[in-house]
Amino acid sequence: MLRFSEIKILQHPLSRYGVAVVAAVAALLLRFALTPMLGTANPYHTVWLGVVFCAWFCGVGPSILATLLMLLGVWYWFLPYYGSFVLASPSEIFGLVGFSIFAGVIISIGERARRIQAKLNAAHNEMELAVKERTAELAEANEKLRELTGSLMHLQDEERRRFARDLHDSVGQLLAVISMNLSSFEREKLSRDAAHLLRESQELVDEISAQIRTISHLLHPPLLDEAGLGAALRIYVDGFSQRGKAVARLEVPDDLPRLARDLEISIFRIVQESLTNIHKHAEAKSVVISIRRTQGLVTLQVVDDGKGLPGNLVYGVGLRGMEERVRQLRGSFQINSNSHGTTVAATLPITEAREEPVIAH
């Protein structure tokens, strides 16, 4: 439906009067054009269209003016005696009066409809404005949430790095000292039971040291900072193949450059979380982790041949974390799964590695 407020030319009062006059003249000219077909009968046919148009679009004043012009035009040109304001019979007077009355009714109805439409348009505009404001507020809130989530993830990664370093440097060193102290007892003459307890203690210390190294590497592999993403993933994937039931294969281009630290950490965490889920749930026999570099993008895929994800899966913390990491880096994330396996895919824009400031501890 044509909305009154959308017709710019009708928003000014003088413009509405001008349009009404033009409509009246057009209605009379149309009646002239139809004279060969209608003859002298039905002189009001076309002017009714002019009345309705003006009543709907132009308002009360312009509609009255247009109605008077059309009334005079019909009277002068289409009622006998033609070309004068003298009427041939009293019945023509009733026709003019009837036309005036019905035109007034149409103008009243049109004005009421026009005002209702104007109110509806105003309410619609207010609603659109409110929706735009709410959308802007929601976008601002989402952006703040994105910044907050990014800050939390950055703090989490930094805390993992610090905790891994402290775990390796402090607890690992203490265990090394304990191991050396226990080794010094091997030169002493111990009873059989004491020697047995010494060997058990040394084995426990060695096992704890190995566990500490493993936990430290899982929290934050030092190679990720020192040698880059490819080297850190190779060590991690090899360890996964040795510890787990599935055989994992890593495909990384040899010329993969150092990426921004947040990007390398995110890719490593996505691989780490994917392999953890595969180890716990997929019952897969093989996994392929591939990283490809294209123009300005790096693509990661983790493909397994397991039993797939359940149809009623509710995303847990791990999957949500992967998705959020990709969203923070303005990338795309997708999971495809069926009974033959699952594919986790992420495409991320490449950002070059920057020099990180050295902070003394």
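Colleague: By the salt-bridge rule, what does the count come to?
Modeller: This is a predicted model, and side-chain atom pairs count only at pLDDT 80 or more. By the rule, a side-chain nitrogen of Lys or Arg must lie within 4 Å of a carboxyl oxygen of Asp or Glu. The count of salt bridges comes to twelve.

Colleague: Is Glu111 buried or exposed?
Modeller: The cut-off for buried is under 20% relative accessible area. Glu111 has 7%, so Glu111 is buried.
The network of salt bridges that holds Glu111 also links Arg115 and Arg114. The value for Glu111 is 7%.

Colleague: What is the N to O distance between Arg134 and Glu137?
Modeller: Both lie in helix H5, three residues apart, about one turn of the helix. Glu137 is partly exposed, with a relative accessible area of 46%. The side chains meet in a salt bridge, N to O, at 3.9 Å.

Colleague: Glu264 forms a salt bridge with Arg258; how far apart are the closest N and O atoms?
Modeller: Glu264 is buried at 2% relative accessible area. Arg258 is partly exposed at 34%. Their closest N and O atoms are 3.0 Å apart.

Colleague: How many aromatic pairs are found, and what angle lies between the planes of Phe32 and Trp77?
Modeller: The search of the whole structure finds ten aromatic pairs. Phe32 and Trp77 form an edge-to-face pair, 5.6 Å centre to centre, with the planes at 70 degrees.

Colleague: Which helices does that pair link?
Modeller: Phe32 and Trp77 are 45 residues apart, in distant parts of the chain. Phe32 is partly exposed at 36% relative accessibility, and Trp77 is partly exposed at 41%. The helices are H1 and H4.

Colleague: Tyr44 and Phe99 form an aromatic pair; what is the angle between the planes?
Modeller: Tyr44 lies in the loop between H2 and H3 and Phe99 in H5, so the pair ties together parts 55 residues apart in sequence. Both residues are buried. The pair is stacked, 5.1 Å centre to centre, and the angle is 20 degrees.

Colleague: Over which ring does the charged end of Arg31 sit?
Modeller: The ring belongs to an aromatic cluster that includes Phe32, Trp75 and Phe85. The charged end of Arg31 is 5.1 Å from the ring centre, and the ring is that of Phe78.

Key
Residues are numbered from 1 along each chain as its sequence is written. Side-chain values use heavy atoms; hydrogens and water are left out. Rings of Phe, Tyr and Trp (its six-membered ring) pair if their centres lie within 6.5 Å; planes under 30 degrees apart count as stacked, over 60 as edge-to-face and the rest as tilted. Helices (H or I, at least four residues) and strands (E, at least two) are DSSP runs, numbered from the N terminus. Buried means under 20% relative accessible area, exposed over 50%, partly exposed in between (1.4 Å probe, protein chains only). A charge sits over a ring if NZ of Lys or CZ of Arg is within 6 Å of the ring centre and within 35 degrees of the ring normal.
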